[in-house]
Amino acid sequence: MAGEKTKKQEDEKAQLQLQRQIGLLSAVCLIAGTVVGSGIFIAPKGVLMNSGNSVGLSLLVWTLSGVLSLFGSLCYAELGTTFKKSGAHYTYLLETLGPLPAFLRLWVEFLFIRPAVTSYVALAFGRYVVEPFFAPCAAPTVLVKLVSILGLTLVVAVNCWSVSMASRTQVTLTFIKTFSLILIIVPGVITLSKGQTENFQNGFDVNVTSLHKLPLAFYNGLYAYGGWFYLNFVTEEVINPTRNIPLAVILSMVTVTVFYVLINVAYYTVMTPAEMLLSDTVAVTFANRTLHWIAFLVPVLVALSCLGALNGGLFGSPRMFFVGSREGHWPTLFSMIHIRRRTPLPAILLLYPFFLVMLITGEIYQLINFASAARWFFIALATLGLLIHRYRFPLHPRPFKVPIVITVIFTVVCFFIVGLSLYSDPWNIGKSLALTLTGVPVYYVTIYRSCLPNKWRRALNYCTKQLQILLEVAQQEVQTY
């Protein structure tokens with residue numbers, strides 16, 4: 001009997017599929033390693049700038065952003081154990097609210113959310129690699145973008161090559177970035193314990209005229225915590241997801257929130273608000289004042305931290321297109337796997353040109369606001385869908401169930417922030433919402449009524465077959481959910 005079971009397992013492994021290879025440690029590292037990227041080293045300036053230049057209010061924004069992200073990750077832990085498909089936002093919208101919201105989530109992820117998020121992190125990587133060589137002068141923008149492209153290309157190559165290599169890379173980079181966070185926290189806490197508290201006195205003195213930008217402060221804070229949902233992209237590849245998803249979410253998000261608040265306390269202990277606003281690389285400025293003998297290491301550690309965030313994002317997000325394609329909402333090629341590497345190679349590779357365009361044309365703080373509105377709107381829709389699903393199907397098995405008050409608070413706050421941000425930055429937010437709505441006619445023409453001319457269909461099928469041969473990919477042979 002045991003021999004038959006072993007043979008069956010070997011046969012399943014031999015079939016073309018995405019394997020369950022992500023254990024608890026890899027899951028924690030995927031979440032924490034993606035969350036802790038460029039955000040904590042760049043977003044403090046954006047949070048302070050939009051918090052009325054108030055130290056106290058900006059620290060409150062960081063704390064509340066962490067709590068809100070924890071609430072959201074708990075909601076997604078329930079969704080991930082209720083619906084065991086990969087795909088995160090797309091899957092949950094499809095299961096709770098229907099195909100149109102799910103398709104629109106795919107549409108905006110492809111059109112601008114994923115390119116903007118990836119470009120943001122890649123630009124931060126390029127900036128931290130290049131700027132130390134030109135300090136105190138500004139680094140050439142062209143060189144920063146060139147290095148960003150090289151870093152992005154390396155991560156794309158790793159994720160196309162091997163799932164296990166990408167997972168091991170993520171674990172290694174997570175330990176490195178944890179060391180970099182501790183390297184900042186320790187001297188800050190030591191300085192604070194010596195009585196250097198000048199920057200915290202009158203900490204809640206606020207520039208009232210700029211308080212209307214407070215939603216943008218939360219966007220910057222929440223962006224730094226962004227990534228708590230990445231494990232849900234790869235649910236079908238998690239070992240024992242019912243246990244490991246909730247556990248990984250709680251362990252990683254509580255740890256990250258504590259670290260983020262302590263890092264900001266360290267920044268404000270050593271630097272005045274005015275000095276923070278003048279610095280584009282806050283961590284480097286901090287290191288030059290407190291870590292003289294190893295200050296040169298900080299840009300290297302931050303750059304590696306950005307690579308970890310890039311790797312986590314490119315490991316998780318292509319699975320959304322993989323699942324969307326499998327459901328018939330996206331081109332078939334995206335649901336294919338490399339026949340030897342067992343990676344979703346087309347879903348990763350076909351996004352690469354969009355990353356390059358956004359990286360070359362984008363500016364780092366505009367990218368945050370541009371991507372965040374649509375992202376948080378659909379996250380709010382997904383948790384609203386959770387509430388509706390609970391009401392409609394009260395007997396549906398839910399291995400992990402979050403208190404309903406947490407789901408309600410998270411959903412209301414997300415909708416509130418998106419609504420207020422339209423007032424704070426109407427141009428960028430309005431542009432992202434307008435681009436979202438362009439997906440409605442695309443859905444009705446290509447999926448709902450499928451009105452594509454036969455010539456176009458034949459051309460699409462021909463291109464798909466040729467790319468399938470060129471990339472050596474095929475459809476998954478085993479149902480993994």
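Modeller: Happy to. Let's begin with glutamate 109, which counts as buried at 1% relative accessibility. Keep in mind that this is a predicted model.

Colleague: Which residue does the side chain of glutamate 109 meet in a salt bridge?

Modeller: Arginine 114, with 3.0 Å from N to O. Arginine 114 counts as buried too, at 1% relative accessibility.

Colleague: How many salt bridges does the structure hold?

Modeller: There are 10. One of them joins the side chains of glutamate 237 and arginine 319, at 3.0 Å from N to O. Glutamate 237 sits in the loop between helix 10 and helix 11, while arginine 319 belongs to helix 15, so this pair ties together parts that lie 82 residues apart in sequence.

Colleague: Is glutamate 237 buried or exposed? And what about arginine 319, buried or exposed?

Modeller: Glutamate 237 is buried, with a relative accessibility of 2%. Arginine 319 is buried as well, also with 2%.

Colleague: You mentioned helix 15. Why is it described as largely enclosed?

Modeller: Helix 15 covers residues 318-326, and eight of its nine residues are buried, so the rest of the structure largely encloses it. Among the buried ones are Met320, Phe321, Phe322 and Val323. After helix 15 comes glycine 328, which has a positive phi, near 85°.

Colleague: Which residue other than glycine has a positive phi near 50°?

Modeller: That would be asparagine 240. Its place is in the loop between helix 10 (230-233) and helix 11 (241-270). With a relative accessible area of 40%, asparagine 240 is partly exposed. Glutamate 472 is another non-glycine residue with a positive phi, about 60° in this case. You'll find glutamate 472 in the loop between helix 22 (454-471) and strand 2 (473-475), and it is partly exposed at 33% relative accessible area.

Colleague: Which residues are linked in a network of salt bridges?

Modeller: Glu78, Arg390 and Arg398 are linked that way.

Colleague: Let's zoom out. How many helices and strands are there?

Modeller: The chain has 22 helices and two strands. Its radius of gyration is 22 Å, close to the 23 Å from the globule rule for 481 residues, so the chain is as compact as a globular protein of that length. Along the principal axes, the C-alpha trace spans about 65 × 50 × 45 Å.

Colleague: And how many of the residues count as buried?

Modeller: 58% of the 481. As for contacts with a separation of 6 or more, 83% of them are between residues 24 or more positions apart. The accessible surface of the chain comes to about 19800 Å², and 68% of that belongs to carbon and sulfur atoms.

Colleague: Which residues form the nonpolar patch on the surface?

Modeller: Phe133, Phe134, Leu143, Leu146 and Leu150, with about 510 Å² of accessible area together. Phenylalanine 133 lies in the loop between helix 6 (99-130) and helix 7 (141-161), and it counts as exposed because its relative accessibility is 70%.

Colleague: Now something from the inside. Where is glycine 33?

Modeller: Glycine 33 is in helix 2 (residues 24-35). Its relative accessible area is 0%, so it counts as buried. Leaving aside neighbours within four places in sequence, its contacts include Gln170, Thr174 and Gly308.

Colleague: Last one: what does the side chain of threonine 446 reach?

Modeller: The backbone oxygen of valine 442, at 2.5 Å. Threonine 446 lies in helix 21 (residues 439-448) and is partly exposed, with a relative accessible area of 31%.

Notes:
Residues numbered from 1 in each chain as written. Predicted model: local features only at pLDDT ≥ 70, side-chain atom pairs only at ≥ 80, totals over all residues. Heavy atoms only, no water. Patch = residues over 30% accessible without salt bridge, like charges linked within 9 Å, V, L, I, M, F, W, Y side chains within 5 Å. Areas by Shrake-Rupley, 256 points an atom, 1.4 Å probe, with all protein chains shown as cover. Salt bridge = Lys/Arg side-chain N within 4 Å of Asp/Glu carboxyl O. Helix = DSSP H or I, 4+ residues; strand = E, 2+ residues; numbered from the N terminus. Buried < 20%, exposed > 50% of the residue type's maximum accessible area, 1.4 Å probe, protein only. Rg over C-alpha atoms; globule rule 2.2 N^0.38 Å. Contact = heavy atoms within 4.5 Å. Polar contact = N/O pair within 3.5 Å; in protein donor to acceptor, adjacent residues only side chain to side chain.
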